[in-house]
Amino acid sequence: MQIPPQLMTLPNQLTIGRILAIPVICLFLVSGWEWLRWLALLLYIAAAVTDWLDGFLARRMNLNSALGKMLDPIADKLLVGALLITFAWTRDLNGWDLIPAIAIMLREIFVSGLREYLGNRSISVPVTFLAKWKTTVQLVALGLIIAAPMLLGLGFISHVFLWLAGGLTVWTGWEYLRSTWPHLSGPEL
């Protein structure tokens with residue numbers, strides 16, 4: 001089996017690296033050892049930076065690919081979803097924090113399904129500017145949650161960012177639904 005050349009580009013290698021880092025970050029977090037939590041934070045920061053870097057390099061080096069456009073949002077959703085589940089397991093999220101966490105998971109799955117459904121009908125659902133900010137706020141919130149037990153004063157701030165991320169996530173999900181509604185109620189192809 002030959003490796004597709006698109007997988008060998010630097011931007012796509014960074015995205016794949018982000019995906020491969022997810023289980024390692026989660027394992028470090030559930031270990032309960034503070035030094036592994038610090039390593040998880042460093043690895044997470046590197047993964048979050050590659051979310052920006054892979055797109056920047058793809059545009060800069062003219063290496064945009066359909067594979068990269070598919071993999072990048074999947075990597076984001078895997079990272080966010082895995083960490084939210086891990087935080088529920090480790091109790092880094094309190095009971096009330098499960099509200100934005102569940103809202104984030106529901107929206108991410110819903111919009112992915114919406115894109116797949118409309119993609120099969122040759123209708124594009126482009127990423128909005130606000131949705132890019134939503135991802136940024138999600139990534140900041142998750143990084144703060146990782147760091148909160150190790151750095152005094154971050155606990156409250158991390159919860160505020162999680163709720164802000166949850167609000168932006170719901171809002172952008174509503175925008176996607178509203179903008180695609182005419183295509184959902186149209187005739188089947």
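**Entry 1: terms for the helix pair.** I call a crossing left-handed if the near helix is turned anticlockwise from the far one by less than a right angle, and right-handed if clockwise. Helices (H or I, at least four residues) and strands (E, at least two) are DSSP runs numbered from the N terminus. This is a predicted model, where local features need pLDDT of at least 70 and side-chain atom pairs count only at pLDDT 80 or more, while totals for chains, interfaces and linings use all residues. Residues are numbered from 1 along each chain as its sequence is written, and side-chain values use heavy atoms, with hydrogens and water left out.

**Entry 2: α5 and α6.** Which way is the crossing of α5 and α6 handed? I noted it as left-handed. The axes of α5 and helix α6 (residues 154-184) come within 8 Å and cross at roughly 155 degrees. Those axes are lines fitted to C-alpha atoms over the stretch in contact, with angles from 0 to 180 degrees between N-to-C directions. I therefore put α5 and α6 down as roughly antiparallel (over 145 degrees; under 35 is roughly parallel, 65 to 115 roughly perpendicular, the rest oblique). By class, the contact of α5 with α6 has 17 nonpolar, four polar and two charged residues. Here Ala, Val, Leu, Ile, Met, Phe, Trp, Tyr, Cys and Pro count as nonpolar, Asp, Glu, Lys and Arg as charged, and the others, Gly among them, as polar.

Entry 3: How many salt bridges does the structure hold? I found eight, taking a side-chain nitrogen of Lys or Arg within 4 Å of a carboxyl oxygen of Asp or Glu. One of them joins D72 and R18 at 2.6 Å, N to O. This pair links helix α3 (residues 66-90), which holds D72, to helix α1 (residues 10-30), which holds R18, across 54 residues. R18 also bridges to D76, with the closest N and O atoms 3.2 Å apart. Since R18 lies in α1 and D76 in α3, the pair ties together parts 58 residues apart in sequence. R18 counts as buried at 1% relative accessibility (buried is under 20% relative accessible area, exposed over 50%, partly exposed in between, with a 1.4 Å probe and protein chains only). D76 is buried too.

**Entry 4: K134 and E108.** The side chains of K134 and E108 meet in a salt bridge at 2.8 Å, N to O. K134 is in helix α5 (residues 129-147) and E108 in helix α4 (residues 98-119), so the pair ties together parts 26 residues apart in sequence. I have K134 as buried at 3% relative accessibility, and E108 as buried at 6% relative accessible area.
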